[in-house]
Amino acid sequence: MVNPGIRVRFAPSPTGYLHIGGARTALFNWLFARHHGGTFILRVEDTDKSRNTEEAAAAIYDGLRWLGLDWDEGPHRGGDFGPYFQSERDEIYERHLQKLKDAGRTFEDNGAVRFRSPREHVVVEDIVCGSIDFDLTNPETHPDMTIRRPDGSWIFHFVNVIDDIEMKISHVIRGEDHLSNTPKHIELYRALAAEPPQFAHIPLILNKDGSKMSKRDVGASLNTYMDGGFLPEAVDNYLALLGWSPKDDREKLALDEIVRLFELDKVNRKNASFDLEKCIWLNGEYARDLRGDRFHKLAEEALARPGIDTSKFPQTYVRAALDTCVAKFRIFSELPAYCGFYFRDDFSYNPEAVAKQFTPENMPRLQAIRDAFAALEAFDASALEATLKATAAQLGIKAGPLVHPTRLAVTGSSTGPSLYHLLEILGKEKVIMRIDRALATIS
């Protein structure tokens, strides 16, 4: 059901990559709009010409699209309340500034234009934070705010309010770090005879040590997830839980269910603690369920990043190899180390595993299993398993002392997909060649 009265916006400044906090703010606005059948607007606050770049703006678009947060109005979409770039809205700001001047609400100060505060208490009724009384009566602690610099450029507080008025924003959902600005904004709304929107200041995202998350912290950039093998649905899920809760113990929720459940009164008041490991775990829960074409596409892209070119191999081989990795990893960036051996013969051996498995005692055993495999006509998983166990029995040992050296010889690692299945996929010729290489290397 469409609710035209619900209009929210995400208004980033294109000065760098999309911060995880900004992504969470965009998500909460999008969830609120979708839950109520409202409109989600993307507005680019690009008045700082010295810092804004087209590349940074593109990073914002790409990040929102990757998360699946489609906007209803804004760049590349249009709408009835544009332009959606502040740099293109100068005439609108001039018009509203003139209103304030005509009402005697501004004064000049060394070339700057300042807003004359009425010097009063301003009560902010916040959906998340509750009712807060701000005392703006003291000019020493709350000086009259600048709304236009001497060089003619606009101050954030002024244009932000004007844009929200002009775009008929019903709810302002933003980080709690903006809460202290809100009483100043409300003064501007009142001076312009405009009804303020409803405010909801969502909790800050903090590191586990309690410090505020900065752009330099690990996991702060959305690029970490876009380029690091995360699934957007897992990141959406994790971000939603940074400050919001469905009020039960569930942690894995599909985006459409979050939309159904999302309400601002379920947003927590206390700050959210960021835990990258928790996000990785949650991503693993989503990755566990992936199958088919999307799984293969993402897996091949993950392998391509470090230079593993799967296009050199038959598609049936690639798919069979990747299928042995299903539900075996948490993020796709773990795949090259896990299954890269399928696509390169010149891998190195894990040094710790070599010391443990390629022992003088084990090398003759590896030779024995090599010869047993070479004699096989049917080189499938069941025949390989039966042959390895029979060879172990002949040698008077358990299967383990054969399984581990064999895996190391053909993959370079002591961990990985099911041994018998990966041997079948590699094929007899390649398996024998790799065991021979190990025997020659270690002898």
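A pocket, on a 1 Å grid over the protein atoms alone, is an open set of points with protein on both sides within 12 Å along at least five of seven lines, whereas a cavity is a set of points where a 1.4 Å probe fits but cannot get out; lining residues have an atom within 4 Å of a point. Grid points are joined across faces, edges and corners, and a volume is the space filled by probe spheres set on the points.

The model on screen is predicted: local features need pLDDT of at least 70, side-chain atom pairs count only at pLDDT 80 or more, and totals for chains, interfaces and linings use all residues. Residues are numbered from 1 along each chain as its sequence is written, and side-chain values use heavy atoms, with hydrogens and water left out.

**First stop: the largest pocket**

Select Pro12, Ser13, Gly22, Asp177 and His178, which lie nearest the centre of the largest pocket among its 43 lining residues. The space there amounts to about 1,200 Å³. Next, colour strand E1 and helices H1 (20–36) and H4, together with strand E8, each of which supplies at least two lining residues; helices (H or I, at least four residues) and strands (E, at least two) are DSSP runs, numbered from the N terminus. H1 gives the most, with 5 residues. By class, the lining comprises 16 nonpolar, 16 polar and 11 charged residues, where Ala, Val, Leu, Ile, Met, Phe, Trp, Tyr, Cys and Pro count as nonpolar, Asp, Glu, Lys and Arg as charged, and the others, Gly among them, as polar.

**Second stop: helix H4**

Select residues 156–166. Of the 11 residues of H4, 8 are buried, that is, under 20% relative accessible area with a 1.4 Å probe, protein chains only. Among them are Phe158, Val161 and Asp164. What do the buried residues of H4 pack against? Their partners are strand E1 (7–10), helix H3 (90–102), strand E7 (146–148), E8 and H5, with contact meaning heavy atoms within 4.5 Å. Lys168, which follows H4, has a positive phi near 55 degrees.

Ile173 stands opposite Ala200 in E9. Strand E9 (residues 198–202) is largely enclosed by the rest of the structure, because 4 of its 5 residues are buried.

The structure holds 1 cavity of 30 Å³ or more. Select its lining, which includes Phe115, Arg119, His142, Lys184 and Glu187. The lining has 4 nonpolar, 2 polar and 4 charged residues.

Select Leu241, Leu242, Gly243, Trp244 and Lys278, the residues nearest the centre of a pocket lined by 19 residues. Strand E11 (272–273) and helix H9 (276–287) each give two or more residues to this lining, and H9 gives the most, with 3. About 350 Å³ of space lies here.

**Last stop: Gly416**

Gly416 is in the loop between helix H16 (400–411) and helix H17 (419–426). Its contacts, leaving aside neighbours within four places in sequence, are Tyr338 and Arg407.

Note on methods:
Buried < 20%, exposed > 50% of the residue type's maximum accessible area, 1.4 Å probe, protein only. Pairing = 2+ DSSP bridges.
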